[in-house]
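This report describes the fold and selected local features of a single protein chain. The sequence and the model are shown first.

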Amino acid sequence: MNKPKLKAYEYHAVFCCGNKCVESGERTLFNHLRNRLMVLGMDTVRVNRAGCLGVCEGGPIMVVYPGGYWYCGLDAAAIDRIIENHFRHGEAVEELLFHKGGERFGGDRRG
Ligand code: FES
């Protein structure tokens, strides 16, 4: 079997594109993040869209790996902060988090 090759990346950001998150503006933010990363030359962040992530409130929802950092209530300013703090300096934006790995960061976790 020929195994596929994948460009190395440091972070994987996954946007929920379930109905509730799309209604909250997910597509605009997905495009904003991709465009900002391209302009900034930050090609070590991989960005994808996924189906409903099972939260369905407080969206748009985005989860960042490694670490499983779950962000909620995103807007363009929040995305810019995540780019600068999390992706550039490795420091999650805690006030935008509602869940991390097995920890809680306030608010109720569904599931
Ligand atoms: S619609 Fe986004 S978590 Fe379900």
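Cys-56 is partly exposed because 14 other C-beta atoms lie within 10 Å; a residue counts as buried with 20 or more such atoms within 10 Å of its own C-beta, as exposed with 12 or fewer, and as partly exposed in between, the C-beta atoms being placed from the backbone. Cys-56 belongs to the loop between E2 and E3, and its phi, near 65 degrees, is positive although the residue is not a glycine. The structure is a predicted model, in which local features require pLDDT of at least 70 and side-chain atom pairs count only at pLDDT 80 or more, while totals for chains, interfaces and linings use all residues. Residues are numbered from 1 along each chain as its sequence is written.

**Overall architecture and confidence**

The protein chain contains three helices and six strands, where helices (H or I, at least four residues) and strands (E, at least two) are DSSP runs numbered from the N terminus. Their order from the N terminus is β-α-α-β-β-β-α-β-β. The radius of gyration is 14 Å, close to the 13 Å given by the globule rule for 111 residues, so the chain is as compact as a globular protein of that length; this radius is taken over C-alpha atoms, and the rule is 2.2 Å times the number of residues to the power 0.38. Buried residues account for 29% of the 111 residues.

The mean pLDDT (the predictor's confidence in each residue, from 0 to 100) is 92, and 91% of the residues reach 70 or more. A contact requires the C-beta atoms of two residues, placed from the backbone, to lie within 7 Å.

**Strand pairing and the loops**

Strands are treated as paired if DSSP finds at least two bridges between them. Strand E1 (residues 11-16) runs antiparallel to strand E3 (residues 62-65), joined by four bridges, with His-12 opposite Tyr-65. E3 also pairs with strand E4 (residues 69-71), in the antiparallel sense and over three bridges; there Val-63 has Trp-70 as its bridge partner. The hairpin of E3 and E4 has three residues between the strands, of which Gly-67 takes a positive phi near 105 degrees.

| Cis peptide bond | Omega |
|---|---|
| Gly-59 and Pro-60 | about -5 degrees |
| Tyr-65 and Pro-66 | about 5 degrees |

Pro-60 lies in the loop between E2 and E3, whereas Pro-66 is in the loop between E3 and E4.

Val-14, in strand E1, is partly exposed, with 17 other C-beta atoms within 10 Å. Not counting residues up to four places away in sequence, Val-14 touches Asn-48, Ala-50, Met-62 and Val-63.

**Helix H3**

The 13 residues of H3 should span 18 Å at 1.5 Å a residue, and the 17 Å between its end C-alpha atoms agrees; the expected span is 1.5 Å times one less than the number of residues. H3 bends by about 30 degrees at Ile-82, the bend being the angle between axes fitted to the seven residues ending there and the seven starting there. Its buried residues are Ile-79, Ile-82, Ile-83, His-86 and Phe-87, and they pack against E1, helix H2 (26-40), strand E2 (45-50), E3 and E4. Just after H3, Gly-90 has a positive phi of about 75 degrees.
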